[in-house]
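Subject: Structure handover

Hi,

Here is the structure I said I would pass on.

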There are 2 protein chains.
Amino acid sequence: MHVAVVGVGLIGGSIGLAARTHTGARVSGWDPDAGVLAAALQRGAVDRAAASVADALVGAEVAFVAAPVGRLGAAVAETLAAAAADCAVTDVGSTKRAVLDAQSDPRFIGGHPLAGAETSGVANARADLFDGATWYLTPTPRTAGVLYERLHRLLVGFGARPTAVDAELHDRLMAAVSHLPHVLANVLVAQAAGAIAAGEAVPATGPSFRDATRVAGSNSTIWTDIYLSNRDALIAEIDGTLGRLQTVRGALAGADATAITEWNDAARTHRDALLGTGLAGGAVQELRASVPNRPGVVAEIALALGRAGVNIVDMSLSPSPDGSQGVVALWVHGDEDAKRGLDLIAALEIPVVRA
Amino acid sequence: MHVAVVGVGLIGGSIGLAARTHTGARVSGWDPDAGVLAAALQRGAVDRAAASVADALVGAEVAFVAAPVGRLGAAVAETLAAAAADCAVTDVGSTKRAVLDAQSDPRFIGGHPLAGAETSGVANARADLFDGATWYLTPTPRTAGVLYERLHRLLVGFGARPTAVDAELHDRLMAAVSHLPHVLANVLVAQAAGAIAAGEAVPATGPSFRDATRVAGSNSTIWTDIYLSNRDALIAEIDGTLGRLQTVRGALAGADATAITEWNDAARTHRDALLGTGLAGGAVQELRASVPNRPGVVAEIALALGRAGVNIVDMSLSPSPDGSQGVVALWVHGDEDAKRGLDLIAALEIPVVRA
């Protein structure tokens with residue numbers, strides 16, 4: 001197998017490492033930044049540093065385009081132009097609208113691995129980055145079956161879980177579960193800044209605020225392109241949000257306790273269903289423990305659960321606004337682990353409840 | 001000092017324990033639930049279980065009303081009616097609109113300790129619950145100075161940090177940093193449920209979604225009352241949110257990259273400023289480490305930092321959607337701890353970056 005990688009940063013570099021390490025493929029790489037390309041070669045992410053996109057594509061059977069979303073459309077077009085008639089071309093962009101023009105080419109299959117957004121650069125590339133990761137693919141009726149099968153098999157070789165999804169649905173899902181949360185985080189910090197500028201009191205932000213605004217103002221270099229590339233789906237989500245806010249505003253203005261309670265209970269049901277579906281291993285249970293805010297307490301809890309084999313799938317330590325004490329929220333899978341977690345934490349004489 | 005506590009659950013019980021333990025006060029308690037009152041007596045949260053509100057108030061110099069927000073107005077009125085002319089009466093409600101009627105009584109001082117919302121019941125009451133905690137007080141020009149001073153001194157005796165704030169500003173701040181985040185969390189899960197119901201794909205919710213929806217559908221018994229009691233301030237925040245969403249919608253519809261970038265950069269600035277202000281000990285630094293999702297990794301990191309005396313003020317472990325790997329976000333105070341944290345985590349051969 002001969003693989004071409006166009007753009008050899010964190011994702012492209014990890015693709016090269018995974019292809020070489022796990023599937024024995026030969027990998028040609030190219031990057032617009034010569035220093036990045038040299039680092040990828042030195043790191044072993046590519047066998048050969050190509051002189052151009054066309055050079056990288058010589059003999060390639062599968063080509064990955066790992067360019068930033070803003071440059072993705074052009075990079076995919078250039079790669080398709082250079083690719084042989086029987087070469088599968090895919091991308092790793094987080095929205096599929098960005099590569100809309102390519103969707104009519106039978107050689108192109110949109111892709112989106114759910115991995116590795118937190119660090120960047122080929123220095124952080126890892127052969128196991130995609131191990132167990134969902135890798136969305138967006139084939140169309142025009143997609144060549146033999147090329148889809150080849151790409152699918154290669155991704156399984158990386159340890160990933162290729163999952164076919166309609167491109168429009170993919171973008172809608174990403175708008176709802178990723179892009180809209182980022183928009184609302186930005187709105188929340190702007191609202192809070194407004195409330196605080198008007199007064200003289202020192203604000204005390206609670207854990208709900210910190211959780212909700214953790215992604216506010218994420219790197220504009222990446223996010224401006226993501227917002228714009230998925231703007232149709234995101235606008236639809238914003239419109240839905242505007243409607244829902246008007247509804248709850250009406251219930252508040254009318255002091256309608258029944259409507260507020262029903263709305264809030266429905267949110268609870270939705271949340272439990274979504275989190276149960278979105279994470280592997282069954283419904284997630286939440287434990288909340290009250291702890292003094294000092295070094296070591298988190299470790300104590302995590303160690304006790306770790307020793308007993310209870311995996312913490314999600315955790316949030318929220319200090320009180322003044323930092324004097326805190327609450328550790330722990331999420332574990334299923335009733336069994338929840339019960340054991342409760343017992344283990346209670347045995348440390350730390351107050352804990354099931355949320 | 002003679003203290004009366006009306007409502008002896010988690011907060012009222014902790015007030016009783018703090019008053020008895022830290023200030024040597026005698027505490028009379030009453031609760032509408034006879035079982036709760038008996039438990040408070042047994043737990044040592046009160047010296048005497050009173051037969052009525054009036055009985056609890058006999059001889060009291062400071063009275064705390066720790067009733068749920070929905071019953072707070074009535075409970076405060078009943079307490080003021082029974083209280084002596086020189087008795088300070090305060091509450092612990094999370095919105096001050098609920099006790100608006102009482103604000104004209106010179107004996108009444110609105111209060112709101114930022115502590116203990118995660119567990120409930122007198123069984124979880126602690127004498128140190130308020131240790132270091134901000135305790136908002138909302139005096140008015142009519143408030144009797146001698147009573148305010150007496151309450152302030154008592155709260156300092158609890159180990160709390162009493163902080164005077166205008167009642168309206170208090171409610172506006174709470175609407176912005178607590179109630180609005182809860183509303184938006186509810187809206188987000190409803191939007192996501194809508195997107196997913198329309199399609200067939202299994203959704204993969206990322207860390208931004210989980211963080212943003214952690215408080216979705218919080219206990220309606222408590223939250224319906226909170227929403228309604230602070231509805232004027234919350235409606236104002238919702239209106240601000242509607243306006244901001246319309247603005248970003250316009251920028252998206254016009255594909256205005258400059259406007260999107262400026263809006264996103266402003267959010268970053270707001271977020272850093274708010275979090276720097278809202279937490280003690282200077283600006284918070286965020287570290288992000290990529291880890292395999294198995295028991296023990298969190299403990300390893302937390303232990304390494306704990307041993308070195310680097311306090312983790314906030315932490316979030318977010319698994320990838322399929323649970324195969326994860327990212328630990330850690331927040332520490334100041335440059336010094338951030339640098340040491342980076343070195344300590346890197347020494348564990350875990351990829352880590354400063355966010």
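To start with a question: where in chain B is the place of Ala255(B)? It sits in the loop between α9 (231–253) and α10 (257–278) of chain B. Keep in mind that this is a predicted model.

I began there because of the backbone: Most residues other than glycine have a negative phi. Ala255(B) is not a glycine, yet its phi is positive, at about 50°. As for cover, Ala255(B) is partly exposed, with a relative accessible area of 36%.

Glu349(B) is another one for your list. Its phi is near 60°, again a positive value in a residue other than glycine. You'll find Glu349(B) in the loop between α12 (334–347) and β12 (352–354) of chain B, and it counts as exposed because its relative accessible area is 73%, where the cut-off is over 50%.

Now the overall picture for chain A. It has 12 helices and 12 strands. Of its 355 residues, 58% are buried. If you take the contacts in chain A between residues at least 6 apart in sequence, 69% of them join residues at least 24 apart. The chain exposes about 12600 Å², and 54% of that comes from carbon and sulfur atoms.

The sheet in chain A

Eight strands make an open sheet here, with mixed pairing, in the order β3-β2-β1-β4-β5-β6-β7-β8 (chain A). Its edges are β3 (48–49) and β8 (161–164) of chain A, each of which pairs on one side only. Further in, strand β1 (residues 2–6) of chain A runs parallel to strand β4 (residues 62–65) of chain A, and 4 bridges join them. Within that pair, Ala4(A) stands opposite Ala63(A) in β4(A).

Helix α12 in chain A

The 14 residues of helix α12 (residues 334–347) of chain A reach 20 Å from the first C-alpha to the last, close to the 20 Å expected at 1.5 Å a residue. Which residues of α12(A) are buried? They are Asp337(A), Ala338(A), Gly341(A) and Ile345(A). Looking down the axis of α12(A), these buried residues fall within an arc of 100°, so they line one face of the helix.

Strand β7 in chain B

What does β7(B) pair with in the antiparallel sense? That is strand β6 (residues 108–113) of chain B, over 4 bridges, and within this pairing Tyr136(B) is the bridge partner of His112(B). β7(B) also runs parallel to strand β8 (residues 161–164) of chain B, and 4 bridges join the two. There, Leu137(B) stands opposite Ala164(B) in β8(B). To get from β7(B) to β8(B), the chain crosses through helix α5 (residues 145–157) of chain B, and this β-α-β crossover is right-handed.

Helix α4 in chain B

The last stop is α4(B). At 1.5 Å a residue, its 14 residues should span 20 Å, and its end C-alpha atoms are 20 Å apart, which agrees. The buried residues of α4(B) are Val69(B), Leu72(B), Ala75(B), Val76(B), Thr79(B) and Leu80(B). What do they pack against? The answer is β1 (2–6), α3 (53–57), β4 (62–65), β5 (88–91), β6 and α8 (220–229) of chain B.

Ala81(B) belongs to this helix too, α4 (residues 69–82) of chain B. Is Ala81(B) buried or exposed? It is exposed, with a relative accessible area of 68%. From Ala81(B) to Ala133(B) is 52 residues in sequence and 30 Å in space, C-alpha to C-alpha.

That's what I have for now.

Cheers

Conventions:
Residues are numbered from 1 along each chain as its sequence is written. Chains are lettered from A and ligands numbered from 1 in the order in which they are written. This is a predicted model: local features need pLDDT of at least 70, side-chain atom pairs count only at pLDDT 80 or more; totals for chains, interfaces and linings use all residues. Side-chain values use heavy atoms; hydrogens and water are left out. Buried means under 20% relative accessible area, exposed over 50%, partly exposed in between (1.4 Å probe, protein chains only). Contact means heavy atoms within 4.5 Å. Accessible areas come from the Shrake-Rupley method with a 1.4 Å probe; for residues, only the protein chains shown count as cover. Two strands pair if DSSP finds at least two bridges between them. A crossover is right-handed if, with the strands pointing away from the viewer, the path from the first strand over the helix to the second runs clockwise. The expected span of a helix is 1.5 Å times one less than its number of residues. The arc is that of the directions from the helix axis to the C-beta atoms.
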